[in-house]
Amino acid sequence: MESRSYMEHYSMNLTLKVWKQKNADSRGNFETYQVKDISSEMSFLEMFDVLNEQLIREGKEPIAFDHDCREGICGMCSMYINGRPHGPWHGTTTCQLHMRAFKDGDTIVVEPWRANAFPVLKDLVVDRAAFDRIIQAGGYISVNTGVSVDGNTIPIERENSEKAFAAAACIGCGACVAACKNSSAMLFVAAKVSHLALLPQGDVERKTRVLGMVAQMDKEGFGSCTFTQACEAVCPKEISVMNISRLNKEYLLAGLSSEK
Amino acid sequence: MKWSEFFTSSVGKKLVMALTGLFLISFLVVHAGINACIWANDNGVMFNTAAHFMGSMVVIRVLEVGLFAGILIHIIQGYVLEFSNRSRRKTGYTVSLGNKGSRWYSRSMGLLGTILLLFFIIHWYHFWIPSRFTGVHETPMVLPNSDGKEVHNLYALMKETFSELWVVIVYVFACFSLCWHLVHGFQSAFRTIGVSNQRYLVIARTAGIAFAIIISTVFAMMPVSMYLGWVE
Ligand code: SF4
Ligand code: FES
């Protein structure tokens with residue numbers, strides 16, 4: 001946000017350079033679009049809606065992009081805006097980014113997430129099924145925890161419950177991978193591992209979980225973590241890299257104490 | 001889980017980097033400590049005594065093998081990681097993230113490491129190879145209280161080597177690279193071995209920065225002191 005106040009309303013004309021790619025096998029290139037009279041109160045995705053309606057009216061193909069909740073909780077809205085996943089605002093998803101982050105006459109470059117493990121399907125839409133497969137490899141609790149009990153019947157140390165809760169905020173958007181020079185998925189995996197390992201319900205399977213999830217992460221072709229911390233800087237849920245240290249600890253303890 | 005699986009996983013590979021890195025850091029302390037003897041300003045007696053002691057002790061020679069193994073593993077694993085990590089994004093971005101989330105030196109460990117590797121080759125050529133294999137041509141020194149025993153005059157070799165300005169510049173530049181390599185590497189190593197406690201990480205980060213600055217300044221001052229004639 002520049003010097004403008006959050007409450008100021010204005011409209012702007014913008015130049016957009018957006019990645020267009022027909023399908024997973026085609027090469028793709030940037031297309032330039034002009035949009036006019038965009039309100040500072042619109043969200044970034046609403047601006048794309050306006051552009052797409054304009055393209056449809058002109059008989060052109062609209063831009064494909066992922067979105068679902070539009071309230072910052074589903075993690076679908078993957079856009080790399082002006083060199084940063086989810087755009088210029090800290091701790092914000094693309095759908096929660098508002099046009100007041102930009103000013104009249106700006107040029108905005110929008111690219112899809114780039115990583116071999118997240119192949120582009122069409123335009124700005126990437127395939128993030130690799131994250132689903134990592135979750136399937138251990139990101140759950142399969143022990144019987146009984147019928148749902150009253151919130152506070154299982155005593156959990158406050159510090160741990162807060163850390164687990166902060167880690168559980170990860171929405172699986174993949175911005176961490178998009179930002180990392182190694183295309184590493186460590187922040188995502190670390191958030192999931194930490195979330196469950198810190199709670200008594202997840203404690204039972206903590207070893208098999210971390211080993212399984214890291215093995216799947218490697219199989220999917222994500223790089224390894226070299227702690228540049230770019231992931232933390234762009235994460236819309238501000239997941240801390242401390243979780244990566246915790247994942248490392250969990251992995252070492254599980255790997256070294258393994259009997260097989 | 002098999003050992004082979006453990007050490008070839010992405011986390012295991014980083015653990016190898018962290019452990020060898022920390023081992024090399026401990027070597028830097030010993031190396032700097034011995035070299036600091038040049039500042040005794042006694043025409044190299046103390047320095048040559050220390051260097052002779054290090055070169056003649058069996059234990060040290062065995063450790064030297066460990067040291068080279070450590071360096072070699074750190075270099076090879078470093079390059080393996082660098083190239084495999086780089087290959088994970090076939091199509092790059094048009095607008096790069098740049099400094100918007102990370103520091104240049106954290107992203108440049110491969111480059112800094114390569115500068116250090118090139119420097120080591122020059123450094124070994126200057127000192128380690130003559131002292132171990134080809135011989136030091138400077139007049140040997142007779143250490144006091146040694147019954148007239150002659151030892152390599154590495155001190156004289158140092159003075160000779162550092163009488164050339166380009167050599168001094170290369171060494172100072174290498175120390176600069178070492179400093180940034182350590183600022184990132186020191187704290188990153190602790191994160192990799194699983195230190196996930198805020199208190200200890202603050203210590204690791206602060207100690208890492210202090211260590212990086214002190215050790216590289218000490219090393220850089222050696223050629224500078226010799227070139228400028230600060231030591232006899
Ligand atoms: S850790 Fe953050 S950036 Fe990564 S997937 Fe989760 S919410 Fe997105
Ligand atoms: S659309 Fe759901 S988080 Fe943005």
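1. Contact between chains. In this predicted model, the contact between chain A and chain B takes 50 residues from chain A and 42 residues from chain B. The area buried between the two chains is about 3,700 Å², and carbon and sulfur atoms give 55% of that area.

2. Polar terms across the chains. There are 26 residue pairs in polar contact between chain A and chain B, counting pairs with both residues at pLDDT 80 or more.

3. Elements on the chain A side. Strand 4 (84-85), strand 5 (107-111), helix 4, helix 7, helix 8 and helix 9 of chain A each supply at least two residues of the side that touches chain B. Helix 9 of chain A gives the most to that side, with 10 residues.

4. Domains of chain A. The domain assignment divides chain A into domain 1 (11-120) and domain 2 (129-256). Their centres, taken over C-alpha atoms, are separated by 29 Å. The contact between them takes 17 residues from domain 1 and 20 residues from domain 2.

5. Area between the domains. About 1,300 Å² is buried between domain 1 and domain 2 of chain A, with 62% from carbon and sulfur atoms. On the domain 1 side, Pro85(A), Ala117(A) and Phe118(A) lose the most area to domain 2, together 32% of what that side buries. The count of salt bridges between the two domains is zero, while five residue pairs are in polar contact, with both residues at pLDDT 80 or more.

6. Main nonpolar core. The largest nonpolar core has 50 residues, and Val189(A), Phe222(A), Ile244(A) and Leu247(A) have the most contacts inside it. At least two residues each come from helix 2 (129-136), helix 4 (175-179), helix 5 (186-197), helix 7 (206-219), helix 8 (230-234) and helix 9 (242-256) of chain A, and from helix 2 (10-35) of chain B. Helix 5 of chain A gives the most to this core, with seven residues. Domain 1 and domain 2 of chain A each provide at least three residues of the core.

7. Which residues does Leu247(A) contact, leaving aside neighbours within four places in sequence? They are Met186(A), Val189(A), Ala190(A), Val193(A), Val210(A) and Val214(A), together with Val11(B) from the other chain.

Methods:
Residues are numbered from 1 along each chain as its sequence is written. Chains are lettered from A and ligands numbered from 1 in the order in which they are written. This is a predicted model: local features need pLDDT of at least 70, side-chain atom pairs count only at pLDDT 80 or more; totals for chains, interfaces and linings use all residues. Side-chain values use heavy atoms; hydrogens and water are left out. A nonpolar core is a set of buried Ala, Val, Leu, Ile, Met, Phe, Trp, Tyr and Cys residues joined through side-chain atoms within 4.5 Å. Buried means under 20% relative accessible area, exposed over 50%, partly exposed in between (1.4 Å probe, protein chains only). Helices (H or I, at least four residues) and strands (E, at least two) are DSSP runs, numbered from the N terminus. Domain bounds come from an automatic or database domain assignment. Contact means heavy atoms within 4.5 Å. Buried area is the accessible area (1.4 Å probe) that two parts lose on being put together, summed over both. A salt bridge is a side-chain nitrogen of Lys or Arg within 4 Å of a carboxyl oxygen of Asp or Glu. A polar contact is a pair of N or O atoms within 3.5 Å; within protein, one must be able to donate a hydrogen and the other to accept it, and residues adjacent in sequence count only if both atoms are side-chain atoms.
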